[in-house]
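Please examine the sequence and the three-dimensional structure below before reading on.

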Amino acid sequence: MKELELKKKDLPQFDLLSQARPIFKFGAPIKSVDETPQQNELSVDCGIFVCYIIKRLAEKREIPQTLRPRDVAEFRVHMVRKFLNDDQRTWTEDLWKDNQLANEMEQ
């Protein structure tokens, strides 16, 4: 893994958005990762591969050069569970209806 040398002023800036308002700005170093696992040409798992690599980088863990189909399937299950079990960020049907009603009242 190569870390590009950038001066602080050259770091890309990202805005985290919350309800269309920037809430936090931060700079992030750019990393170039060689020898990452690649999906086969018929696969539609590019998002899974990208998320897997980002997760490994965030955890400062080694990135394997290959992923078995079983590894991809297990990580997909991991991601789905994260989305479904994140109570703080998951909307129920009732919350959605309340939000729709509130939006209608504002208009």
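The following paragraphs lead from the overall architecture to individual residues.

This is a predicted model, in which local features need a pLDDT of at least 70 and side-chain atom pairs count only at pLDDT 80 or more, while totals for chains, interfaces and linings use all residues. Residues are numbered from 1 along each chain as its sequence is written, and side-chain values use heavy atoms, with hydrogens and water left out. The term pLDDT denotes the predictor's confidence in each residue, from 0 to 100. The protein averages a pLDDT of 75, and 65% of the residues score at least 70.

The secondary structure consists of three helices and four strands; here helices (H or I, at least four residues) and strands (E, at least two) are DSSP runs, numbered from the N terminus. Along the sequence, these elements follow the pattern β-β-β-β-α-α-α. Where pLDDT is low, the predicted coordinates should not be read in detail.

Of the 107 residues in the protein, 14% are buried; buried means under 20% relative accessible area, exposed over 50%, and partly exposed in between (1.4 Å probe, protein chains only). Among contacts with a separation of 6 or more, 42% are between residues 24 or more positions apart, where contact means heavy atoms within 4.5 Å.

Which kind of aromatic pair do Tyr52 and Phe75 form? The structure holds one aromatic pair, and Tyr52 and Phe75 form it edge-to-face, with 5.3 Å from centre to centre and 90° between the planes. Because Tyr52 lies in helix α1 (residues 46-58) and Phe75 in helix α2, the pair ties together parts that are 23 residues apart in sequence. By definition, rings of Phe, Tyr and Trp (its six-membered ring) pair if their centres lie within 6.5 Å; planes under 30 degrees apart count as stacked, over 60 as edge-to-face and the rest as tilted. Tyr52 is buried, at 12% relative accessible area, and Phe75 is buried as well, at 10%.

Phe75 also belongs to the lining of the second largest pocket, together with Cys51, Ile54, Lys55, Ala58, His78, Met79, Lys82 and Phe83. On a 1 Å grid over the protein atoms alone, a pocket is an open set of points where a 1.4 Å probe fits, with protein on both sides within 12 Å along at least five of seven lines; lining residues have an atom within 4 Å of a point. This pocket has a volume of about 200 Å³. Helices α1 and α2 each supply at least two lining residues, and α2 gives the most, with five. The lining comprises six nonpolar, one polar and two charged residues.

Attention now turns to the loops. Asp45 is located in the loop between β4 (31-32) and α1 and is buried, with a relative accessible area of 18%. Beyond residues up to four places away in sequence, Asp45 touches Gln39, Val72 and Arg76. Gln39 is found in the loop between β4 and α1 and is partly exposed at 28% relative accessibility. Gln39 and Val72 are 33 residues apart in sequence and 9.5 Å apart in space, C-alpha to C-alpha.

Lys60, in the loop between α1 and α2, is exposed at 76% relative accessibility. Lys60 has a positive phi of about 55°, although it is not a glycine.

Conventions: Points joined across faces, edges and corners; volume = space filled by probe spheres on them. Nonpolar A, V, L, I, M, F, W, Y, C, P; charged D, E, K, R; others polar.
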